[in-house]
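Welcome to a short tour of one protein model. Please have the sequence and the structure open as you read.

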Amino acid sequence: QWYNGQKIAQDQALPISFNNLGLKFGATVFTTLRVYRHSLDHPLTQWFAHCDRLKNSLYQFNWQEPNWAQVRQGAETLKAIYPVLRVTIFPDGQEWITGRELPPDLSDRQQKGTTAWVAPAHYQRSLPTHKTGNYLACWLALQEAQRQGATAAILTNLDDSWLETSTGNLWGWQAGCWWTPPLAAGILPGIVRSRLVKHLQTCQIPVQETPWTPELRKRFTAIAYSNSVTEIIPLRTILMRETRLEYNPCHSALADLRSLFEQGG
């Protein structure tokens, strides 16, 4: 891992004060990215978009910016070891970068789909348009989803509209159009989500940003979610209270979303 300009061994204690605001209140912002072809500058890595996400939150929270050259140095150091990096910034501008491997079953989930559990509305994220260190609601929802036999959790609001998953943005297909919940609903402005909207528009494939009400959802014939690490994951089964919804994870329309990654960004 990397902290405040220094590479730190995994078995070495992180030199963080017990008064650190990130530890006390979850006062951090972070972004998680996948490094393609070992390059931060690869179009699919989206390094500058991830930095812009951090900068936007830091500006809105009135927090100190880090030494961006130092952040880049840490990312360059760890990308030689890990394909996935998480860049965290503290209110005082110190950076913490960790790495991990891709999920071992990622290819299987991408091809065959996975199961999601619909979480009650009290699992909503705080400050949903920012990726902050307070991700407890998402983590708890995912833990409950796993107890239900699912690998993803769908977050909802008090109107029973679906918002996003605990780790990504939602996509639904019906009537020759892709549908995704709008940012105004209180969801994270996903970097892959933004790229996919532009990609679909460029390919002249209809896309609508509309709340996922029960009326809209029941017309979907395919559902997937996206994020910067796993790309596109179809939802094969959705567990919703006493109802079990089934979808085709091999639906031909999913090629519209996957083509962004196949074309190299």
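With which side chain does the side chain of histidine 251 make a polar contact? The partner is the side chain of threonine 221, at 3.4 Å; a polar contact here is a pair of N or O atoms within 3.5 Å, where within protein one must be able to donate a hydrogen and the other to accept it, and residues adjacent in sequence count only if both atoms are side-chain atoms. Before we go on, please note that this is a predicted model, in which local features need pLDDT of at least 70, side-chain atom pairs count only at pLDDT 80 or more, and totals for chains, interfaces and linings use all residues. Residues are numbered from 1 along each chain as its sequence is written, and side-chain values use heavy atoms, with hydrogens and water left out.

**Histidine 251**

- Histidine 251 sits in the loop between β14 (243-246) and α8 (254-262); helices (H or I, at least four residues) and strands (E, at least two) are DSSP runs, numbered from the N terminus.
- With 17% relative accessibility, histidine 251 counts as buried; buried means under 20% relative accessible area, exposed over 50%, and partly exposed in between (1.4 Å probe, protein chains only).
- Setting aside its neighbours within four places in sequence, histidine 251 is in contact (heavy atoms within 4.5 Å) with Trp173, Thr221 and Ala222.

**The five-stranded sheet**

- An open sheet is formed by five strands in the order β2-β1-β5-β4-β3, and the pairing is antiparallel; two strands pair if DSSP finds at least two bridges between them.
- At the edges are β2 (6-7) and β3, each of which pairs on one side only.
- β1 and β2 run antiparallel and are joined by two bridges, with tryptophan 2 having lysine 7 in β2 as its bridge partner.
- Strand β3 (residues 29-34) runs antiparallel to β4, with six bridges between them; threonine 31 stands opposite valine 87 in β4.
- β4 and β5 are likewise joined by six bridges and run antiparallel, and arginine 86 has threonine 98 in β5 as its bridge partner.
- Five residues lie between the strands in the hairpin of β4 and β5, where glycine 93 takes a positive phi near 90°.
- Five of the six residues of β4 are buried, so this strand is mostly covered.

**Helix α3**

- Helix α3 (residues 68-79) has 12 residues and reaches 16 Å from its first C-alpha to its last, close to the 16 Å expected at 1.5 Å a residue; the expected span is 1.5 Å times one less than the number of residues.
- Its buried residues are Trp68, Val71, Gly74, Ala75, Leu78 and Lys79.
- Seen down the axis of α3, these fall within an arc of 125° (taken from the directions from the helix axis to the C-beta atoms), so they line one face of the helix.
- The cover over the buried residues of α3 includes β1 (2-3), α2 (47-61), β4 (84-89) and β5 (95-100).
- The N-terminal end of α3 is capped by asparagine 67, which has a side-chain oxygen 3.1 Å from the backbone nitrogen of alanine 69.

**Cysteines**

- The count of disulfides (pairs of cysteine sulfur atoms within 2.5 Å) comes to zero.
- Cysteine 177 is buried, with a relative accessible area of 7%, whereas cysteine 203 is partly exposed at 35%.
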